[in-house]
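I opened my notebook for a quick look around this model. Here is what I looked up, in the order I got to it.

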Amino acid sequence: AYGFISELVDTLKQHCPNLDCKVYPIENRFFGENITVAGLVCGCDLIEQLKDKPLGDFLALPSVMLRDEQDRFLDDTTLDELTQTLNLPVRLSPSTGADFIRTILDND
């Protein structure tokens, strides 16, 4: 989804020129790099691949990355661990493009 989300953010930046938003691809090293489903991305992969990146004010993630309880990833990394390790809040978004845009633009 990296390409699609990057295009979506680029289009959004055309309408909101002050928006500073970066999109990073995440390789699924936990289950294998051929696995490209967001619901199978684990917290350890997010932490490992994002820890040294400029992340801004918050991290937006699709809610399908978390188990049904919405508090942990498939590798048992908790949402709190991710937030503390990366030192920024995480905003969860339903998986539609419109919901993602609302998540990005929400000032709360």
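**V64.** I began with V64, which counts as partly exposed because its relative accessibility is 43%. My cut-offs are these: buried is under 20% relative accessible area, exposed is over 50%, and partly exposed is in between, with a 1.4 Å probe and protein chains only. V64 sits in the loop between β1 and α3. I take helices (H or I, at least four residues) and strands (E, at least two) as DSSP runs, numbered from the N terminus. Leaving out residues up to four places away in sequence, I found V64 touching A38, G39 and S95, where contact means heavy atoms within 4.5 Å. I also checked V64 against G43: they are 21 residues apart along the chain, and their C-alpha atoms are separated by 12 Å.

**Ground rules.** A note to myself: this is a predicted model, so local features need pLDDT of at least 70 and side-chain atom pairs count only at pLDDT 80 or more, while totals for chains, interfaces and linings use all residues. Residues are numbered from 1 along each chain as its sequence is written, and side-chain values use heavy atoms, with hydrogens and water left out.

Is D75 buried or exposed? D75 is buried, because its relative accessible area is 18%. Not counting residues up to four places away in sequence, D75 touches F30, C42, G43 and C44. Setting aside neighbours within four places in sequence, I see T78 in contact with D71, R72 and F73.

**Backbone angles.** Next I went through phi. Most residues other than glycine have a negative phi. Which phi does Q70 have? Q70 is not a glycine, yet its phi is positive, about 65 degrees. Q70 lies in the loop between β1 (59–62) and α3 (79–86) and is partly exposed, with a relative accessible area of 33%. I noted D76 as well: its phi is near 75 degrees, again a positive value in a residue other than glycine. D76 is in the loop between β1 and α3, and at 39% relative accessibility D76 counts as partly exposed.

**Helix α2.** I then asked myself how many residues of α2 are buried. The tally for α2 (residues 43–50) is six of its eight residues, so I wrote the helix down as mostly covered. The buried residues are G43, D45, L46, I47, Q49 and L50. They pack against β1 and α3. One of them, G43, had come up already as a contact of D75.

**Aromatic rings.** Rings of Phe, Tyr and Trp (its six-membered ring) pair if their centres lie within 6.5 Å; planes under 30 degrees apart count as stacked, over 60 as edge-to-face and the rest as tilted. By this rule I count one aromatic pair. F30 and F31 form that pair, edge-to-face, with 4.9 Å centre to centre and 80 degrees between the planes. F30 is partly exposed at 43% relative accessibility, and F31 is partly exposed at 41%.

**The chain overall.** Last, I stepped back. The protein chain has four helices and two strands, and along the sequence they follow the pattern α-α-β-α-β-α. The radius of gyration, taken over C-alpha atoms, is 13 Å, which agrees with the value near 13 Å for a compact globule of 108 residues; the globule rule is 2.2 Å times the number of residues to the power 0.38. Along the principal axes, the C-alpha atoms fill a box of roughly 40 × 30 × 30 Å. Of the 108 residues, 34% are buried. Among contacts with a separation of 6 or more, 53% are between residues 24 or more positions apart.
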